[in-house]
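The following report describes a model through its interfaces, its confidence values and a few of its local features. Please read it beside the sequence and the coordinates.

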Amino acid sequence: MNAAAARDRAIITGYRGPKVRIMEVCGTHTHEIFRLGIRSLLPEAVELISGPGCPVCVTPVSYIDEALYLAEKCHATICTFGDLVRVPGTAGTLAEARSRGARVQVVYTPLDAVTYATEHPEEETVFLSVGFETTTPTACLALRHAEAQHTANFSLLTANKTMPAAYTAMASHTDAYLYPGHVCAITGTSLPESLTREGISGVVAGFTAGELLRALATILEKVQADRPFFANCYPRVVRPEGNPAAQALVAAYMEPCDAEWRGLGVLKESGLQLREAFAARDARKRFALPAMTGRANPACRCGAILQGLARPVDCPLYGKACTPDHPVGACMVSREGACSAYYLYGGL
Amino acid sequence: MCVGLPAKVVRIQDGMALVDASGARREVSAELLSDIDTGDYVMVHAGVAIAKITEDNEDEEVPE
Amino acid sequence: MTAEFPDDARVTLAHGAGGRQTAALIARVFARHFQNPDFTADDAAILPVGNFATGRTAFTTDGFIVSPWQFPGGNIGKLSICGTVNDLACMGAVPRYLSCAFQIEEGFPLRDLDAIAAAMAETAKAAGVRIVAGDTKVAGRGQVDGVFITTTGLGELLPDAEPSGSRAEAGDAIIVTGDVGRHGAAILVARRDFAIDAAITSDCAPLAATVRALFAAVPDKSAIHTIRDATRGGVGTVLHEIAAESHVGIELDAPAIPVAPEVRGVCGLLGLEPLYLACEGRLVLFAPQAIAPKLVETLRALPDSRQAAIIGHVTPDFSGRVVLRTEIGTKTLLPEPSGELLPRIC
């Protein structure tokens, strides 16, 4: 631990101010905070809430049902990030579909899904395009590659989401946000800066121990002034203007739409869908998918947990019917989900 | 999901960059960054370089 | 030695039919490499185990289905010897005899099979163990992925050695014999699934001599409480097993755990934890802190354990769990591994 980290650690452990609720809205933050044991440093007055920042966790059940339909009814090859393979839909997971013979490929990047499609021209290849502002450009880039290479058998099943609506929707549950560093690397900082005018505070945080300690210490220092604040605590990666090329790429391929968030319901203009010009690349249209109304386990409290209204241990399924080996809710599936993180790292 | 990995650019060609993270190398897309050079550090997410890393006073410890 | 077979010579179903071709395959590949006084042409080998000094025998078996069959640092043949030899060694036994059973996919190149048998012979020699019996089956195309090998081994117990997963005690130091996660990372790179390049060599090695040296280094053999080889599931899985079997807590000093930079890089790219990647030449030892420095010194003088290190200790607290002391001085649980990490790695 370097001197700066030690200083920030002392600021955090020595905090004696009023009660503060800090919400992290990035699943990778949730995971790293647990992995580094940072919660054990927090004094009683500081509460850290794991918000809806894991794209797997907020993806509705119906989305998995659509993917299962594509794999089993349309016999498409599904390319996906590994996290989604074990998320339960209404009737099972993609991993279970794979064991029944469906083609499900885990890829490191959407670009590899295009490569797969190019190498398997006889297979309809669908990439499961989930994620926030950080990840959406990588899917759009994949689409651009597919267009340039005339890879006709490649399409996207989109469930991309944007953070601004969630920031506003969750504002009453928190005193300050730990803004997601890599989302801000794409979007820039103008939005969180402007949110201070609506009374919403927060700091942009990086992901190393030193960066997370710096961000938390900054919140605890600034919160005492009792005035909305913003700070960029991840300047080595996040510029005020973000990544203009990535923003332009996404704008060229996608447009805002209303989107369902597991637990939060439908938030206006909180999602992205492919523009009409790319309808042939939109798996929903390409395969004329029927509308699906996914059914989650009614006892699952992922929704309340994602809003910071309940803790994982408050859910009747947590640790009993729902464990990382047999997840019921999405928050238990992903390593970045609040329930999974509590289950794996909590209880010390 | 928003995991990023700092990596050093070894070579750039046709919009793709060969990057090195502690000796692990992979081709990633460099199409979203206009001003990167061999020797620069970039933040890699899902096979795409999404940001140039300016000063690197943090250690290279990587979130998984 | 690969000059024995032309490029296009393949294993056929006839090689597994028990007739003339089977006899020829055994003679030209297996008997040629494995030859030793106890190698049997009969239905079973007759072994002089009555001569074992302590009158006690360790006995174990293990199957190997690694893909690809060869990788930097070894191949499935070497792996199949190391796995069983190391399992015996971890019980405080000197490996003496092995049998091996092959399931070979029709069409597998004879030259490659020869290379596998050569690696087995060489590794067995290094480990001081004799291959005395075997079996060959050939399966139709697609029924086996290349070649699967099962080895079974007999070992002679060292006097007074009684290591066991249930003997870890509060106050024990925990030693790992080298950097962790190499084999899993090497296989991952060799598979090319994720198009990552890294100069990582598998740690695959027979550790019989290493274990003998450890017992020779301490006057009270029973003071070495636990030895386990960290194969599938890696060091992290072994630690969880021992915490549960011994009803103790384990506290690790995260910065003290040796990990090669390249392994760390691969893990960073793919979001993996090095502690859960397989090793094939690494032991985890539990012994009282008083003798731990002597054991580490002994290990560091040996070729396959130069990076041996004390990575933590056993505590009476938080029984059954593994706790990491992090780089910022906090404590966090090492989560139990769950789900598929990587297919077919050992």
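Which residues of H2(A) are buried? In this predicted model, where local features need pLDDT of at least 70 and side-chain atom pairs count only at pLDDT 80 or more, totals for chains, interfaces and linings use all residues, and side-chain values use heavy atoms, with hydrogens and water left out. Residues are numbered from 1 along each chain as its sequence is written, while chains are lettered from A and ligands numbered from 1 in the order in which they are written.

The buried residues of H2(A) are Gly27(A), Thr28(A), His29(A), Thr30(A), His31(A), Glu32(A), Ile33(A), Phe34(A) and Arg35(A), where buried means under 20% relative accessible area, exposed means over 50%, and partly exposed lies in between (1.4 Å probe, protein chains only). Because 9 of the 9 residues of H2(A) are buried, this helix is largely enclosed by the rest of the structure. Helices (H or I, at least four residues) and strands (E, at least two) are DSSP runs, numbered from the N terminus. H2(A) is followed by Gly37(A), which has a positive phi near 70 degrees.

**Chains A and B**

Between these two chains, 39 residues of chain A are in contact with 29 residues of chain B, contact meaning heavy atoms within 4.5 Å. The area buried between chain A and chain B is about 2,900 Å², with carbon and sulfur atoms giving 60% of it; buried area is the accessible area (1.4 Å probe) that two parts lose on being put together, summed over both. On the side of chain A, Tyr108(A), His182(A) and Arg236(A) lose the most area to chain B, together 22% of what that side buries.

The count of salt bridges between chain A and chain B is 2, a salt bridge being a side-chain nitrogen of Lys or Arg within 4 Å of a carboxyl oxygen of Asp or Glu. Asp112(A) forms a salt bridge with Arg26(B), and their closest N and O atoms are 3.0 Å apart. Chain A and chain B also have 10 residue pairs in polar contact, both residues at pLDDT 80 or more. A polar contact is a pair of N or O atoms within 3.5 Å; within protein, one must be able to donate a hydrogen and the other to accept it, and residues adjacent in sequence count only if both atoms are side-chain atoms.

Among the elements that each supply at least two residues of the side of chain A that touches chain B are helix H2 (27-35), helix H6 (110-119) and helix H9 (181-187) of chain A. The largest share of that side, 5 residues, comes from H7(A). By class, the side of chain A that touches chain B has 20 nonpolar, 11 polar and 8 charged residues, where Ala, Val, Leu, Ile, Met, Phe, Trp, Tyr, Cys and Pro count as nonpolar, Asp, Glu, Lys and Arg as charged, and the others, Gly among them, as polar.

**Chains B and C**

The contact between these chains takes 10 residues from chain B and 16 residues from chain C. The area buried between chain B and chain C is about 1,000 Å², of which 58% comes from carbon and sulfur atoms. Chain B and chain C have 0 salt bridges between them and 3 residue pairs in polar contact, both at pLDDT 80 or more. Strand E3 (residues 24-29) of chain B gives the largest share of the side of chain B that touches chain C, 3 residues, and by class this side has 4 nonpolar, 2 polar and 4 charged residues.

**Confidence in chain B**

The mean pLDDT of chain B is 86, and 84% of its residues reach 70 or more; pLDDT is the predictor's confidence in each residue, from 0 to 100. Over residues 57-64 of chain B pLDDT stays under 50, and the model has 29 contacts beyond four places in sequence for this stretch. Where pLDDT is low, the predicted coordinates should not be read in detail.

**Backbone geometry**

Most residues other than glycine have a negative phi, and most peptide bonds are trans.

| Residue | Phi |
|---|---|
| His150(A) | about 55 degrees |
| Arg192(C) | near 65 degrees |

His150(A) lies in the loop between helix H7 (136-148) and strand E6 (154-161) of chain A, and His150(A) is exposed, with a relative accessible area of 69%. Arg192(C), in the loop between helix H4 (182-191) and helix H5 (208-217) of chain C, counts as partly exposed at 43% relative accessibility. The peptide bond from Ser67(C) to Pro68(C) is cis, with omega near 5 degrees, and Pro68(C) is placed in the loop between strand E1 (57-64) and strand E2 (70-71) of chain C.
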